[in-house]
Amino acid sequence: MTDPLTHLRDRLEPPWCELTEARVLNRIQSELAREDLVPQARPTRAGRGRVALLATAAAACVGLYLWRHPRVEPAPAAAAPVAAVASSSLKLTDGSQVQLALGAQVTTVRDGADGIELRQLAGRVRYEVVPNPRRTFLVRANEVSVRVIGTIFVVELCADTTLVSVERGRVQVNDGARQLSLATGERLELSRPPREPVRSAPTPLVSMAPVIPPPGIDTAPARLDPAAEFREVDAARRRGDLAAASEGLRRLTRSLGADPRSASAWFTLGRVEAAQGHPAAAAQAFERCRSLQPAGALAEDALAETASAWRAAGDRARAVEAATLYLSSYPSGSHAERMRHLVGATTN
Amino acid sequence: MPVRPSFRPATPEATAPSDGQLVARARAGDSRAFTALYRRHARYVAGVTYRLLGEATELEDLVQETFVAAARSLDQLRDEESVRPWLVTIAVRHVHRLMASRRRANLLAQLMLRTPPPPPALPDLAEAQGVYSALSELSPELRIPWLLARVEGSSLQEISELVGASVSTIKRRVSRAEELIARRLRD
């Protein structure tokens with residue numbers, strides 16, 4: 001065996017995404033706080049933005065990543081971090097433009113000088129990619145991945161199909177089973193494979209906005225290893241099966257109880273519900289996350305997400321209440337400008 | 001360690017503090033700095049850990065343990081600009097411990113129940129499945145240096161620093177592992 005197997009390095013990428021990263025960070029903060037290596041942050045009143053405790057720092061960094069990457073131009077008034085509740089555009093660090101149609105959702109997996117990777121969760125998105133052969137530009141949508149160098153193309157996610165059309169240049173489309181090259185003017189429609197059956201689902205899948213049980217009314221703990229369940233949830237999210245992810249997260253929140261990971265599960269559930277177009281359920285999940293760990297690593301982000309989700313749900317009063325609480329607790333927080341904008345836009 | 005494409009912080013590179021600056025600030029009690037280090041290196045550490053293990057069952061736990069251990073021993077980092085290899089050293093130590101524990105459990109299970117160890121749970125990569133299946137029979141002392149050399153592309157000198165053994169020992173272990181893997185793949 002003389003040939004090095006370094007190509008395996010690139011093919012064996014870990015199942016690691018921004019939510020995994022945030023979840024593990026939350027666990028690290030909890031463990032360090034338990035050991036008293038790092039004190040837990042406490043939200044403060046206005047003027048106390050000097051807080052430099054680790055938990056707040058974690059939340060700030062989570063926020064910086066989730067909200068500034070990609071940056072939204074112009075400043076998003078009401079959009080969830082990756083969702084377009086109105087048509088909007090994102091500008092990536094290399095100058096590439098991403099135009100989201102109403103209801104479209106995109107999240108950034110990576111945005112660096114050597115590579116950009118986006119995940120399109122819903123809707124129609126037009127990508128105008130600045131030519132640069134030295135970096136990779138990858139868009140994943142359900143099971144389909146689109147790799148480009150410099151081009152303009154559109155990806156549209158429908159119920160059972162993914163549509164890729166090229167306005168200019170050339171892209172490579174991979175659906176997991178085959179790789180095809182599309183040139184200017186060509187379009188490709190790919191059907192999604194049937195979903196894998198949900199393993200021993202104890203309750204039916206939720207297709208409408210689900211009802212989250214209020215605090216203190218948890219049903220009986222289900223079972224299982226939380227780490228394994230988190231992995232299943234991540235896998236479901238990766239394959240675009242948000243209903244299964246939501247179901248798994250709901251089971252997790254029931255079984256975890258007061259475990260520190262419960263806050264992560266609620267936070268992730270909020271993101272999944274938002275991606276499914278259930279902003280009220282998302283807001284409730286973010287509220288629950290924050291109530292479980294008000295000084296935790298995800299608290300600041302959860303509060304900002306709560307405000308955005310209530311606004312998306314049309315509940316102005318709750319949106320303003322959450323945004324105002326955010327501004328008083330984190331006056332120099334990473335979402336402060338957006339929260340000020342939300343309060344201003346909602347009350348004007 | 002070879003520099004691989006990795007997660008980059010949101011801050012523009014020109015204004016982003018160096019690892020050394022972040023370490024200095026973290027040591028001085030700036031908790032944001034430690035989080036920034038985590039953000040910068042977690043994905044890379046996760047990648048190396050994942051490929052060393054060949055599966056993801058305990059990936060999150062190991063990344064967590066690595067960074068908690070790093071927070072505990074930040075004062076022991078000698079070269080403040082070498083955070084990434086230092087983190088990988090810690091991760092390798094934890095992976096080694098886990099592999100050794102699993103190997104003992106597998107040997108015991110084989111003795112008691114005469115059942116083979118479970119196959120590695122990898123993505124659908126036939127080539128990797130074969131390699132990791134062969135690797136599962138090796139001790140961590142052989143397996144880890146071989147993976148670092150052949151898959152991660154690290155030099156013998158780098159591996160010797162990562163696992164805390166001499167270059168000649170590493171060279172011998174990689175060679176022995178290669179021999180065993182080749183034999184296993186031929187069978």
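Helices here are DSSP runs of H or I at least four residues long, numbered from the N terminus. By that count, Ser175(B) sits in helix 8 (residues 167-186) of chain B. Keep in mind that this is a predicted model.

**Chain A overall**
- Chain A is built with ten helices and twelve strands.
- Of its 348 residues, 50% are buried.
- Take the contacts in chain A between residues at least 6 apart in sequence: 49% of them join residues at least 24 apart.

**The nonpolar core**
- The largest nonpolar core has 130 residues.
- Both chains show up among the residues with the most contacts inside this core: Val146(A), Cys289(A), Ala307(A), Ala323(A) and Tyr326(A), along with Val45(B) and Ala91(B).
- Helix 2 (residues 31-53) of chain B gives the most to this core, putting in 13 residues.
- If you want to look around Tyr326(A), skip its neighbours within four places in sequence, and you'll find it in contact with Leu303(A), Ala304(A), Ala307(A), Gly333(A), His335(A) and Met339(A).

**A helix pair in chain A**
- Helix 5 (residues 242-256) of chain A and helix 6 (residues 261-275) of chain A have axes that come within 9 Å and cross at roughly 155°.
- Angles over 145 degrees count as roughly antiparallel, so that is how helix 5 and helix 6 of chain A run relative to each other.
- Their crossing is left-handed.
- On the helix 5 side of chain A, the residues that meet helix 6 include Leu242(A), Ala245(A), Leu249(A), Leu252(A) and Leu256(A).
- On the helix 6 side of chain A, the partners include Ala265(A), Trp266(A), Leu269(A) and Val272(A).

**Start of chain B: helix 1**
- Helix 1 (residues 19-27) of chain B has Asp19(B), Leu22(B), Val23(B) and Ala26(B) as its buried residues.
- An α-helix has 3.6 residues a turn, so residues three or four places apart point the same way.
- Just after helix 1 of chain B, Gly29(B) takes a positive phi of about 105°.

**Back to Ser175(B)**
- Ser175(B) counts as partly exposed because it has 14 C-beta neighbours inside 10 Å, while a buried residue needs 20 or more.
- Pro145(B) is 30 residues away from Ser175(B) along the chain, with 9.7 Å between their C-alpha atoms.

Key: Residues numbered from 1 in each chain as written. Chains lettered and ligands numbered in written order. Predicted model: local features only at pLDDT ≥ 70, side-chain atom pairs only at ≥ 80, totals over all residues. Buried ≥ 20, exposed ≤ 12 C-beta atoms within 10 Å, placed from the backbone. Helix = DSSP H or I, 4+ residues; strand = E, 2+ residues; numbered from the N terminus. Contact = placed C-beta atoms within 7 Å. Core = buried A, V, L, I, M, F, W, Y, C linked by C-beta atoms within 7 Å. Axes fitted to C-alpha atoms, helices over the stretch in contact; angles between N-to-C directions. Parallel < 35°, antiparallel > 145°, perpendicular 65-115°, else oblique. Left-handed = near helix turned anticlockwise from the far one by under 90°.
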